Amino acid sequence: MHRGSPRFRLSLVSALGPCLLAVAVGCGADAPEDTDADADDTASDGTDAGGTDAGGSDSDDSSSIEGCPVEQFLDVAAYDQEQDYPAPALSVSCTDDAVIVESNGIPNFTFVPITPNDLQAVDHHFEFPLHPTMAASTSEIPLLGPVAVAVNGIPIFGPNEALPTYGDPLLDDILDFCHGHTAMGGLYHFHAPPECLFTDWTGNTSLVVGYAFDGFPIIAPFECVDGECVETVELRSSWQRTQDVAAAWDAHEYVEGSGDLDECNGKEVNGQYRYYATKTFPYFLGCYRGEPTSNTPMGPGPGMP
């Protein structure tokens with residue numbers, strides 16, 4: 001059954017009940033070395049929108065944990081939100097098996113109201129595998145709620161909104177300049193690539209944008225054309241818009257070979273799987289390629305169930 005079909009949506013709403021209806025838009029590995037001979041082998045030197053260097057998040061000492069991606073996350077604490085909002089907070093640590101990301105959900109760039117929901121701090125606690133593995137088969141991402149976390153600690157949602165249409169918020173023009181907005185309870189989240197977080201987005205073949213909850217990284221959508229990486233190409237999703245309907249999943253269809261990526265919006269590079277943050281649907285993930293952990297926003301603000 002196609003996940004975007006009315007039949008699928010009806011069965012999902014029946015199963016999850018009032019939670020989906022009440023929340024509307026917000027119910028809710030190791031960073032890869034780019035070993036591709038055609039790619040840079042260093043992580044991004046990007047800076048967040050607050051002007052601080054990447055890799056300086058407030059973190060526990062996980063230096064003894066091999067592969068812990070603390071340095072891939074941004075230093076958000078130096079950015080002061082305007083209009084008396086709390087300052088952003090982010091902590092990243094690792095156990096032997098998991099990466100733990102905790103944040104207060106406040107973005108490290110100027111908040112621009114797009115929805116009627118005012119920004120509020122939300123106590124996020126996300127965990128995902130430190131050493132992700134490919135699953136025997138793919139699995140669907142949640143229709144609503146977080147599917148991944150960005151490197152500034154903000155949750156990433158799937159490519160659709162909630163009732164009544166499950167529309168595409170990017171195509172419906174209800175996202176801010178960084179491709180996010182607030183759900184009920186003030187929960188800020190991304191639906192499309194947050195290019196505003198970085199100063200070196202274009203052509204960066206090793207820029208980590210976030211991590212999916214199966215542990216695989218989400219990378220900026222660029223690949224080297226030549227061995228010295230003098231020239232890069234932007235990778236394309238293989239999901240195509242095939243119907244002029246409101247529901248995002250009904251409007252799009254995976255067409256194998258029409259783009260550069262698989263159904264989950266990723267591919268393997270020298271034995272390491274990665275998702276790509278593409279400019280077209282599904283933007284981050286079309287499905288999970290590994291075994292995801294279950295993560296939901298913790299400590300919701302007023303109005304959240």
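A residue is called buried when its relative accessible area is under 20%, exposed when the value is over 50%, and partly exposed in between, with a 1.4 Å probe and protein chains only as cover. By this scale Phe177 is partly exposed, because its relative accessible area is 48%. The structure is a predicted model, in which local features need pLDDT of at least 70 and side-chain atom pairs count only at pLDDT 80 or more, while totals for chains, interfaces and linings use all residues. Residues are numbered from 1 along each chain as its sequence is written, and side-chain values use heavy atoms, with hydrogens and water left out.

Together with Val112, Ile114 and Ile174, Phe177 makes a nonpolar surface patch of about 300 Å². Such a patch joins nonpolar side chains (Val, Leu, Ile, Met, Phe, Trp, Tyr) within 5 Å, taken from residues with over 30% relative accessible area and no salt bridge. The areas come from the Shrake-Rupley method with a 1.4 Å probe.

Three strands form an open sheet in the order 1-2-3, with antiparallel pairing; two strands pair if DSSP finds at least two bridges between them. Strand 1 (90-94) and strand 3 (124-129) are the edge strands, each pairing on one side only. On average, neighbouring strands of this sheet are turned by 15° against each other, direction ignored. The antiparallel pairing of strand 1 with strand 2 (residues 98-103) runs over 5 bridges, and Val92 stands opposite Val101 in strand 2.

Charged side chains complete the picture. With a salt bridge taken as a side-chain nitrogen of Lys or Arg within 4 Å of a carboxyl oxygen of Asp or Glu, the count comes to 3. In one of them, the closest N and O atoms of Lys267 and Glu223 are 2.4 Å apart. Lys267 lies in strand 15 (residues 266-269) and Glu223 in strand 11 (residues 222-224), so this pair ties together parts that are 44 residues apart in sequence.

Asp260 and Arg236 form another salt bridge, at 3.4 Å between the closest N and O atoms. Asp260 counts as partly exposed at 34% relative accessibility, and Arg236 is partly exposed at 45%. Arg241 and Asp244 also form a salt bridge, with their closest N and O atoms 3.7 Å apart. Here Arg241 is partly exposed at 43%, whereas Asp244 is exposed at 76%.

Definitions and conventions. Helices (H or I, at least four residues) and strands (E, at least two) are DSSP runs, numbered from the N terminus. Axes are lines fitted to C-alpha atoms, for helices over the stretch in contact, and angles run from 0 to 180 degrees between N-to-C directions. Patches are made of residues with over 30% relative accessible area and no salt bridge: like charges are joined within 9 Å, nonpolar side chains (Val, Leu, Ile, Met, Phe, Trp, Tyr) within 5 Å.
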